[in-house]
Amino acid sequence: MTAAAELPLSAIVAARNEARNLPRCLESLRDVGEVYVIDSQSSDETAEIARSFGAKVVQFYYHGGWPKKRQWAMNTLPLAYEWTLLIDADEALTPELAGEIKLAIRNPSCDGYHVGLRMHFLGRTLRHSAASFDKLCLFRTGRGCFECRLREQDTSMCDMEVHEHVVVEGKVGKLRHALDHHNLGSLSDYIQKHNEYSNWEARVWTTAESGAAQLPASLFGSQAQRRRWLRKKLFAIPGSPVMFFAYKYFLRLGFLDGIPGLIYCGMQGVQFFHSKAKIYELRKQRG
């Protein structure tokens, strides 16, 4: 993390109680120009670990509403580099991806890049189960922002953007190499996190609100838009949580990922059920 950085960009790391994952993440960012860890008052050693790697620790206090953690950081921090990388504490750059980024940010015709995620779950790399997806997490500083799908949010919905996506002004490309994503601290943490996600998702799908930069659900759009279109259609179909599990486990060959694949696909179906049940609950409450 020096002035003559190998990777001249600003990394924003979102974290909360990530002492287990953070060392792997920050080790992978040693060649990055500057690293900010945006912490949510962790009760473990997250902040101390971040400082030991030379990262700048900033505390984020969420009281509901918008912006959430990463957009707040992008609005607030004095980022020193032309490019910004958004990375979670349970993710890590690979040497191959770092080398590709080094070349990509020299391209004057591109303003952002989608990066794939390679999912690690319960000690296994998931090669099937529809577990891989892209996210737009590398972009020119000031040219990207998160869409706002819901302004009226509360602390039960997670203090970080859930399935809001970054929208970039300008041309966007895709990198070949992926981030390593270690999706799990423990199953208990995983369930708690996705309970917050389903609170948010239920509110989004029952609120007639649309941010100016919102990506519309579209079968023929980006991967994020296609996923959003599919989810919207499935919510209207009886038994769709079971269909969602079957799609991931059978059609997308989740059974080839062994027991971790079964658990992952099962959890995905359960989470879909939670979102759908909470949508029903909210609609009943509103009459």
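The model is predicted: local features need pLDDT of at least 70, side-chain atom pairs count only at pLDDT 80 or more, and totals for chains, interfaces and linings use all residues. Residues are numbered from 1 along each chain as its sequence is written, and side-chain values use heavy atoms, with hydrogens and water left out. The structure holds 17 salt bridges. A salt bridge is a side-chain nitrogen of Lys or Arg within 4 Å of a carboxyl oxygen of Asp or Glu. Helices (H or I, at least four residues) and strands (E, at least two) are DSSP runs, numbered from the N terminus. Buried means under 20% relative accessible area, exposed means over 50%, and partly exposed lies in between (1.4 Å probe, protein chains only).

**Salt bridges**

- Side chains of opposite charge can pair when their charged atoms come close.
- Glu27 forms a salt bridge with Arg30, with the closest N and O atoms 2.9 Å apart. Glu27 is partly exposed at 44% relative accessible area. Arg30 is also partly exposed, at 41%.
- Lys56 and Glu34 meet in a salt bridge of 3.2 Å, N to O. This pair links distant parts of the chain: Lys56 sits in strand 3 (residues 56-59) and Glu34 in strand 2 (residues 32-39), 22 residues apart.
- Lys56 counts as partly exposed, at 40% relative accessibility. Glu34 counts as buried, at 6%.
- Asp159 pairs with Lys69 in a salt bridge, the closest N and O atoms being 3.9 Å apart. Asp159 lies in the loop between strand 9 (144-146) and strand 10 (166-168) and Lys69 in helix 3 (residues 69-76), so the pair ties together parts that are 90 residues apart in sequence.
- Asp159 is buried, with a relative accessible area of 10%. Lys69 is buried too, at 2%.
- A network of salt bridges links Glu82, Asp111, Arg140, Arg143 and Glu169.

**Glu100: buried without a salt bridge**

- Glu100 is found in helix 4 (residues 95-104).
- Glu100 is buried yet has no salt bridge. The nearest side chain of opposite charge is Arg176, 4.4 Å away. For charge, Lys and Arg count as positive and Asp and Glu as negative; His and the chain ends are not counted.
- The Glu100 side chain does reach the backbone nitrogen of Arg176, at 2.7 Å.
- Glu100 touches Leu175, Arg176 and His177, not counting residues up to four places away in sequence. Contact means heavy atoms within 4.5 Å.

**Asn21: a buried loop residue**

- Asn21 lies in the loop between strand 1 (7-15) and helix 1 (22-27). Asn21 is buried, at 7% relative accessible area.
- The side chains of Asn21 and Glu18 are joined by a polar contact of 2.9 Å.
- Asn21 is in contact with Ala89, Asp90 and His182, leaving aside neighbours within four places in sequence.

**Helix 3 packing**

- Lys69, Arg70, Gln71, Ala73 and Met74 are buried in helix 3.
- The buried residues of helix 3 pack against strand 1, strand 2, strand 4 (83-88), strand 8 (134-140) and strand 9.

**Nonpolar surface patch**

- Phe250, Leu253, Phe255 and Leu256 make a nonpolar surface patch of about 360 Å². Patches are made of residues with over 30% relative accessible area and no salt bridge: like charges are joined within 9 Å, nonpolar side chains (Val, Leu, Ile, Met, Phe, Trp, Tyr) within 5 Å. Accessible areas come from the Shrake-Rupley method with a 1.4 Å probe; for residues, only the protein chains shown count as cover.
- Leu256 is found in the loop between helix 7 (240-251) and helix 8 (258-285). Leu256 is partly exposed, at 43% relative accessible area.

**Backbone geometry**

- Most residues other than glycine have a negative phi, and most peptide bonds are trans.
- Trp66 and Pro67 are joined by a cis peptide bond, with omega about 10°. Pro67 is in the loop between strand 3 and helix 3.
- Asn17 has a positive phi, near 50°. Asn17 lies in the loop between strand 1 and helix 1 and is partly exposed, at 39% relative accessible area.
- Gln41 has a positive phi near 50°. Gln41 is in the loop between strand 2 and helix 2 (46-52) and counts as partly exposed, at 39% relative accessibility.

Terms used
Polar contact = N/O pair within 3.5 Å; in protein donor to acceptor, adjacent residues only side chain to side chain.
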